[in-house]
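Subject: Structure handover and notes

Hello,

Here is the structure for your files, with my notes below it. Please read the notes with the model open beside them.

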Amino acid sequence: MSHIREDDLITSIADALQYISYYHPPDYIRALSAAYEAEESPAAKSAMAQILINSRLCAEGHRPICQDTGIVIAFFKVGMALRWDTNRSLQELVDEGVRGAYTHPDNILRASIVDPPIGARRNTGDNTPAIVHTELVPGDKLEVRLAAKGGGSENKARFAILNPSASVVDWVLEQLPSMGAGWCPPGILGLGIGGSAEKAMLMAKAALSEPINIHELRARGPANAIEEMRLELFEKVNALGIGAQGLGGLTTVLDVQINSFPTHAASLPVALIPNCAATRHCHFTLDGSGPAQLEPPALDSWPEIAWDPTAGARRVDLNSITREQIASWQPGERLLLSGKLLTGRDAAHKRIVELLDRGEALPEGVDLSNRFLYYVGPVDPVRDEVVGPAGPTTATRMDRFTDQILEQTGLIGMIGKAERGPAAIDAIRRHHAVYLIAIGGAAYLVSKAIKSARLIAFEDLGMEAIREFEVEDMPVTVAVDSRGVSVHETGPQQWRSRIAEIPIKVE
């Protein structure tokens, strides 16, 4: 009979969360590398190159793949015959491991959990509590699946109870365009079909930690209806042309994983949850012999990428930029930004708008006239870093503030990830501003372009405080130009048409 010691579980959780913060699963790297080699869209290929280069840098430097180091999800299969050498609850043990991982001095991870979820929404400071799911199974072992799920992809989860005669495939294809690019494709889609409402969502989340094996399935052919659906969805989702980061291209998903469960005759519950380019999960088993031992992947698992950020890119001096200069930028054009920019995301935007509504001055140093604002909540720096990984957050959350801030502050440019909504695009057009994107899932690579960082305002907001970055050759892409043309609309449209013309390969 196995005796699970509390220190073994706490250590295993902490070590595993550190591990997945900087190591992509090898199957993800293999799948993304194959997609990169096959990609024909220059914009999407550049995005995938940055994700792959970032991934290797993180593996070498032991720093987070993404600045959003996620909410911790733990799935436990608890053997009925095992014994626990602890007086604490499983939730308490997991949270202790999370606390140790997220405050590790050599690789601080960003704390993103707020409590209560409505009202004050105060950051808990150590990313606790985790979400814990348990299942009692035969045996005397403890099987653990651990994941760190980013908010950008989690926010795109979908659920419906369909009529039993409805098509799950059609429902998924209806959802994908409305999900936009905030989930940072290319990634994995997890589906849960059947059971009840909560069971379907749980199955979809668990599906995201299954091995990426769609190409093996394509080679051998489907053995049942679920595998047939996986193949159909894989082909049809990629035919939408959404592409990496929503820029248009051949690959939107690297795999589609489906879990199913018997359901009521009158129901067809269906849940859809995407995993982003910062796919983070690992599995281990404890048998009482000590904490889990996680072997680092070999560095030759990562491909050699010849990516030149300067090729065909326009260099931009942010310290002297004018509205007249940005008027010449085109959707899809690549830029290299140098100079000073300010940061600010949800909470900072809310405070700025509250000050504007009251007719009060913005804090000292928060002069947005002819400036660019980067939507980012960086990881704290360690060692000799000026800032930790600092990739973009989803820009659509700032849409409700965009018109007022452009109107009343003189801001001319914004940097984030994913598309903007119609109201924000209209505001950008009317104020002759621009919106740029950095690559989601390349946070450590982006941070290499940041040469200095200083706190400007709202220190109490932690990672959401306003900072001033000095950047040098920060790679971005024009997503919405000053005329209101969005690459997230033109790119997928172009590639959807091109994909439709590609002859179907018979394998």
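**The largest cavity**

The lining of the largest cavity is made up of twelve nonpolar residues, four polar ones and one charged one. Here Ala, Val, Leu, Ile, Met, Phe, Trp, Tyr, Cys and Pro count as nonpolar, Asp, Glu, Lys and Arg as charged, and the others, Gly among them, as polar.

Before going further, note that this is a predicted model: local features need pLDDT of at least 70, side-chain atom pairs count only at pLDDT 80 or more, and totals for chains, interfaces and linings use all residues. Residues are numbered from 1 along each chain as its sequence is written, and side-chain values use heavy atoms, with hydrogens and water left out.

That lining has 17 residues, and Ser 46, Gln 50, Arg 334, Val 476 and Thr 477 lie nearest the centre of the cavity. A cavity is a set of points, on a 1 Å grid over the protein atoms alone, where a 1.4 Å probe fits but cannot get out; lining residues have an atom within 4 Å of a point. Two or more lining residues come from each of α3 (42–61), β14 (334–343) and β19 (466–480). Of the elements, α3 gives the most, with four residues. Helices (H or I, at least four residues) and strands (E, at least two) are DSSP runs, numbered from the N terminus.

The volume of the largest cavity is about 130 Å³. A volume is the space filled by probe spheres set on the grid points, which are joined across faces, edges and corners. The count comes to three cavities of 30 Å³ or more.

**Domains**

The protein is divided into domain 1 (3–286) and domain 2 (314–492), with bounds that come from an automatic or database domain assignment. Their C-alpha centres lie 28 Å apart. Across the boundary, 37 residues of domain 1 are in contact with 36 residues of domain 2, where contact means heavy atoms within 4.5 Å. The largest cavity lies between the two domains, because both give residues to its lining.

**The second largest cavity**

The second largest cavity holds about 100 Å³ of space. Its lining includes Ile 73, Phe 75, Arg 145, Lys 149, Lys 205, Asn 275, Arg 280 and His 281. The elements that give two or more residues to this lining are β2 (71–79) and β7 (142–149), and β7 gives the most, with four. By class, this lining has five nonpolar, three polar and four charged residues.

Helix α9 (residues 225–238) has 14 residues and should span 20 Å at 1.5 Å a residue; its end C-alpha atoms are 20 Å apart, which agrees. The expected span is 1.5 Å times one less than the number of residues. Among the buried residues of α9 are Glu 227, Met 229, Arg 230, Leu 233 and Phe 234. Buried means under 20% relative accessible area, exposed over 50%, and partly exposed in between (1.4 Å probe, protein chains only). The buried residues of α9 pack against α6 (168–179), β9 (187–194), α8 (214–220), β10 (253–261) and α15 (487–501).

Gln 245 sits in the loop between α9 and β10. With a relative accessible area of 3%, Gln 245 is buried. Leaving out residues up to four places away in sequence, Gln 245 touches residues including Ala 47, Ile 51, Cys 184, Pro 185, Ile 439 and His 488.

**Backbone points to check**

- The peptide bond from Asp 115 to Pro 116 is cis, with omega near 0°; Pro 116 is in the loop between β4 (114–115) and β5 (122–123).
- Pro 185 and Pro 186 are also joined by a cis peptide bond, with omega about 10°; Pro 186 is in the loop between α6 and β9.
- Asn 370 is not a glycine but has a positive phi of about 55°. Its place is the loop between α11 (346–357) and β15 (372–374), and at 35% relative accessibility Asn 370 counts as partly exposed.
- Arg 383, not a glycine either, has a positive phi of about 50°. This residue is in the loop between β15 and α12 (399–409), and Arg 383 counts as exposed at 57% relative accessibility.

**A residue in β14**

Thr 343 is in strand β14 and is buried, with a relative accessible area of 0%. Beyond residues up to four places away in sequence, Thr 343 touches Leu 373, Tyr 374, Val 376, Ala 465, Ile 466, Arg 467 and Phe 469.

Regards

Definitions and conventions. On a 1 Å grid over the protein atoms alone, a cavity is a set of points where a 1.4 Å probe fits but cannot get out, and a pocket is an open set with protein on both sides within 12 Å along at least five of seven lines; lining residues have an atom within 4 Å of a point.
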